Amino acid sequence: MAESAAKRIKTSEAGSGVKIGTHNGHFHADEALAVYMLRLLPTYANSPLVRTRDPSLLETCHTVVDVGGEYDPSRNRYDHHQRTFTTTFPGRPTKLSSAGLVYMHFGKAIISQRLQQPEDSEDVGLLWNKLYESFIEALDAHDNGISAYDPDALKKAGIEKRFSDGGFTLGAMVGRLNPNWNDPTPSDPAEAQPVEDGKFVTASNRIGEEFSRDLDYHAKAWLPARAIVHEAYSKRLQFDPEGRIMVLEGQAVPWKDHLYTLEEQEGNTDKKVLYVLYPEKPVPDAKWRIQAVPVSKDSFESRKALPEPWRGARDEQLDEVSGISGGVFVHASGFIGGNKTFEGAKALAEKACAF
């Protein structure tokens, strides 16, 4: 099983500095992250890194990633460049890179360690899937040359990019940490390799920091929010007979992922939530926000934006155009607004639903 990879390693090897191998030369985000993730576990915490393409040197390594032409978890070999390689993460379509392979086999151990829960616990399994979809899968796609959109469909529809966004990807960030073609390089390979290895370690730590931040966010914020959103979703009919208004009564929490999951599980496409209400701060006299639900998690388009006449209005002007007192603001795009009280925010939501 994928999640048992960390357990297969002999107890006597733990903490012994078992060697990790990967290729030298130009490095990429996938093996940089793969090495970082392994080093999060006690067995690999002090592991020396060997960067080479020499099969005889790789054979001396306990675990090898992104090189060697072999995928064999029983031998701790995690390469994906073989012509016959087609492995994907459970339930996902994207072919794995070395990052995805290491995460598939060791991710539950990493998350278990972070949550201090057994690997087979529900929370560990939930985060294992979530972190793959939110972080790892994009790296797998990037390394395997897989576009987020079907290129043929985009071409057929005549859709062209308005600007370049390649510089903002994690892959691009790692790529910029490679040596430049005209950087001074020691002529002696024995001196040049440690210099290159140092840049790789910098890249590994840099992308690893982002992975650890994502893990911490989902463990400390996203996961605890799940129960709060579930409760709010179960009460939504109290605020609107069609379930279009959801209220987070205690405080604002990350709600989008959980809401979409709940709606998908329920399967009722006719009664989707349009607006989410929440207090700006967890204090009794806090102002309240009303936020339109996006059509998807990363979309700037709302299922139903706040009415156009309200957009850009503030304070007394908003009171006048909305007919509801206590107005604070409505964003110019209509995706969010505010009122001084819960009753006012709820009234805005009710009127927006009927608009």
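Asp 216 is partly exposed, with a relative accessible area of 30%, where partly exposed covers the range between buried, under 20% relative accessible area, and exposed, over 50%, as found with a 1.4 Å probe on protein chains only. The side chain of Asp 216 meets that of Arg 114 in a salt bridge, with N and O 2.7 Å apart; the term salt bridge stands for a side-chain nitrogen of Lys or Arg within 4 Å of a carboxyl oxygen of Asp or Glu. This pair links distant parts of the chain, since Arg 114 lies in helix H4 (residues 98-115) and Asp 216 in helix H8 (residues 189-234), 102 residues apart. Helices (H or I, at least four residues) and strands (E, at least two) are DSSP runs, numbered from the N terminus. Arg 114 is also partly exposed, at 29%.

The model is a predicted one, in which local features need pLDDT of at least 70 and side-chain atom pairs count only at pLDDT 80 or more, while totals for chains, interfaces and linings use all residues. Residues are numbered from 1 along each chain as its sequence is written, and side-chain values use heavy atoms, with hydrogens and water left out.

A search of the whole structure finds 19 salt bridges. One of them joins Glu 249 to Lys 235, whose closest N and O atoms are 3.6 Å apart; Glu 249 sits in the loop between strand S6 (245-247) and helix H9 (256-266), and Lys 235 in the loop between H8 and S6, 14 residues away. Glu 249 is partly exposed at 48% relative accessibility, and Lys 235 is partly exposed at 25%. Arg 244 forms a salt bridge with Asp 240 at 3.0 Å, and here Asp 240 is buried, with a relative accessibility of 6%. Arg 51, Glu 196 and Asp 197, in turn, are linked in a network of salt bridges.

In soluble globular proteins, nonpolar side chains tend to be buried together. Leaving aside neighbours within four places in sequence, Met 37 is in contact (heavy atoms within 4.5 Å) with residues including Ala 99, Tyr 103, Ile 136 and Phe 211.
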